[in-house]
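Thanks for coming, everyone. Please look at the screen, and we will walk through one chain together.

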Amino acid sequence: MPTDTTSPRTPSGSRSLEHPARADIRLAEVLHALADPMRLRIVRALAAAEGELNCADIELPVSKSTCTHHFRVLREHGVIQQFYRGTAKMNGLRRADLDALFPGLIDAVLQGAELQARGLGEE
């Protein structure tokens, strides 16, 4: 069940977004979120940045409303954390939570995506 969480970087009284607690993150939901190529592209960008990115920093070849949908799915399934910094919606990969729950999963997914992007995953 989603919980209303506020990032430590978000001042109290600011807008906050619902995120599942670590204990509520389920493997099937994470895998579902990672199965879409656009969402995987977002996760790869966040992992490469090793920090937070604004939604606009991640270029996707889809409409703004579709981008919003993809970010929401990733947040609601526990893959990313979103918070507001001023008027910008910032995004960060919930790597610590995902690594604690599913050791090696994110690294394997990122490595597989990189191999596929290079065409090395083909036989």
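Start with the lining of the largest pocket: Cys55, Ala56, Lys64, Cys67, Thr68, Phe71, Arg72, Arg75, Gln82 and Lys89. A pocket here is found on a 1 Å grid over the protein atoms alone: it is an open set of points where a 1.4 Å probe fits, with protein on both sides within 12 Å along at least five of seven lines, and lining residues have an atom within 4 Å of a point. The space in this pocket is about 230 Å³. For that volume, grid points are joined across faces, edges and corners, and we take the space filled by probe spheres set on the points. Helix α3 gives the largest share of the lining, six residues.

Now, where this comes from. The model is predicted, so local features need pLDDT of at least 70 and side-chain atom pairs count only at pLDDT 80 or more, while totals for chains, interfaces and linings use all residues. Residues are numbered from 1 along each chain as its sequence is written, and side-chain values use heavy atoms, with hydrogens and water left out.

Two cysteines line that pocket, Cys55 and Cys67. Are the two buried or exposed? Buried means under 20% relative accessible area, exposed means over 50%, and partly exposed is in between, with a 1.4 Å probe and protein chains only. Cys67 is buried at 14%. Cys55 is partly exposed at 23%.

Next, the layout. The chain has five helices and five strands. Helices (H or I, at least four residues) and strands (E, at least two) are DSSP runs, numbered from the N terminus. From that end, the order is β-β-α-α-β-α-β-β-α-α. The chain has 123 residues, and 37% of them count as buried. Contact means heavy atoms within 4.5 Å. Take the contacts between residues at least 6 apart in sequence: 60% of these join residues at least 24 apart.

Look at helix α1, residues 27-34. Val30, Ala33 and Leu34 are buried there. They cover an arc of only 95 degrees around the axis, so they sit on the same side of α1. That arc is taken from the directions from the helix axis to the C-beta atoms. The buried residues of α1 pack against α2 (37-49), α3 (64-76), α4 (95-101) and α5 (105-118).

On to the core. In soluble globular proteins, nonpolar side chains tend to be buried together. A nonpolar core is a set of buried Ala, Val, Leu, Ile, Met, Phe, Trp, Tyr and Cys residues joined through side-chain atoms within 4.5 Å. The largest one here has 24 residues, and Val30, Val79, Leu93 and Leu98 have the most contacts inside it. At least two residues of this core come from each of α1, α2, α3 and α5. The largest share is from α2, with five residues. Leaving out residues up to four places away in sequence, Leu93 touches Val43, Leu46, Ala47, Val79, Ile80, Leu98 and Ile106.

Arg94 lies in the loop between β5 (88-93) and α4. Is Arg94 buried or exposed? Buried, with a relative accessible area of 11%.

Two pairs show how the chain folds back. Leu101, in helix α4, is 75 residues from Arg26 in sequence, yet 8.8 Å from it in space, C-alpha to C-alpha. Leu101 is partly exposed at 31%. Met38, in helix α2, is 32 residues from His70 in sequence and 7.2 Å from it in space, again C-alpha to C-alpha. Met38 is buried at 18%. Setting aside neighbours within four places, Met38 is in contact with Leu60, Pro61, Val62 and His70.

Last stop, the backbone. Most residues other than glycine have a negative phi. Glu50 is not a glycine, yet has a positive phi of about 50 degrees. Glu50 lies in the loop between α2 and β3 (53-54). At 73% relative accessibility, Glu50 is exposed.
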